[in-house]
Amino acid sequence: MDITAQNVDEVTSDLQGFAQRVESLTERGDIRHPWPTLRILGRRNRERYWQRYLAYFLDPSKSHGFRDELLEEVLGVIEEKTDFSRDFLHPDWELVEVETEADGDEGRPDILIYQPNRWFVCFEMKVNASYDADQLRRYLGSTEFGNLDVTEYDPERQFYIYIDTERPT
C-alpha cells in the first residue's frame, strides 16, 4: 500500500477526532469508575474470589507479568497511609511468600504476604460484610499464621491491613 499525503491527512484527522472525543469524556464530571472484574463476572460478593484474585496479582512469582511491580505499589500505598516503612524490608522478591486463608491460632487472615524471618503483611478483607474490630485484634494476638511463626518477627515488621471492597480509598 502506498502512503500518500491524503492518507496521512486522513489518519491525522481521525486521530485528532479521537483525541477530542477522549478529552471530552475525561472532562465530564459524572464519569463513573469502571466495574471490577469480579463484578463483571457476577462474583463480586464472593470473598474467596477476591482473595485469590488479589493474592495472584500480588505474588511476584506468578505468571501475570507484573513481577514485583504491583506488590511494590501496594506496599507504597500502605506506606503512605500507615507507619509501615519499606526502608527496612530489603525484599528479595524471589523469597516473598503469598498465602490465602493462612490458618492461625486466632483465625485465618485473608491474605498473608511475607519474606521469611524478615517481615509480613496480614490483610483482612470484607466483601459485603461489616467491619469486625475484634478480628484484627485477634490477629494481633496470634502466634502463627500457616507456616509463619509470628514470634520470630519484630513487632515493627508486622503489619495488619484492613480492606473494604465496598469503600475503596
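User: How many aromatic pairs does a search of the whole structure find?

Analyst: Seven aromatic pairs turn up. Keep in mind that this is a predicted model.

User: What makes the pair of Tyr 53 and Phe 57 edge-to-face?

Analyst: Two numbers. The ring centres are 5.2 Å apart, and rings pair if their centres lie within 6.5 Å. The planes stand at 75°, and over 60 degrees counts as edge-to-face. Both residues lie in helix H3 (residues 47-58), four residues apart, about one turn of the helix.

User: Why is Phe 57 called partly exposed?

Analyst: Its relative accessibility is 21%. Buried would need a value under 20%, and exposed one over 50%, so Phe 57 counts as partly exposed. Tyr 53, with a relative accessible area of 34%, is partly exposed too.

User: What makes E1 and E6 edge strands?

Analyst: The open sheet has four strands in the order E1-E2-E3-E6, with mixed pairing. Strand E1 (97-100) and strand E6 (158-164) each have a single partner strand, so one side of each is left without a neighbour in the sheet. From one strand to the next, the twist averages 15°.

User: How do you know that E2 and E3 pair?

Analyst: Pairing takes at least two bridges, and five join strand E2 (residues 111-115) to strand E3 (residues 119-126). The two run antiparallel, with Leu 112 opposite Cys 122 in E3.

User: Where does helix H5 pack?

Analyst: Helix H5 (residues 133-140) packs on the sheet, touching E3 and E6, and its direction makes about 160° with that of E3.

User: Which residues of H5 are buried, and why are they said to be on the same side?

Analyst: Gln 135, Leu 136 and Tyr 139 are the buried ones. They cover an arc of only 95° around the axis, which puts them on the same side of H5. These buried residues pack against E3, strand E4 (144-145) and E6. On the other side of H5, Arg 137 and Leu 140 are exposed.

Methods
Residues numbered from 1 in each chain as written. Predicted model: local features only at pLDDT ≥ 70, side-chain atom pairs only at ≥ 80, totals over all residues. Heavy atoms only, no water. Axes fitted to C-alpha atoms, helices over the stretch in contact; angles between N-to-C directions. Contact = heavy atoms within 4.5 Å. Buried < 20%, exposed > 50% of the residue type's maximum accessible area, 1.4 Å probe, protein only. Arc of directions from axis to C-beta. Phe/Tyr/Trp six-rings, centres within 6.5 Å; stacked < 30°, edge-to-face > 60°.
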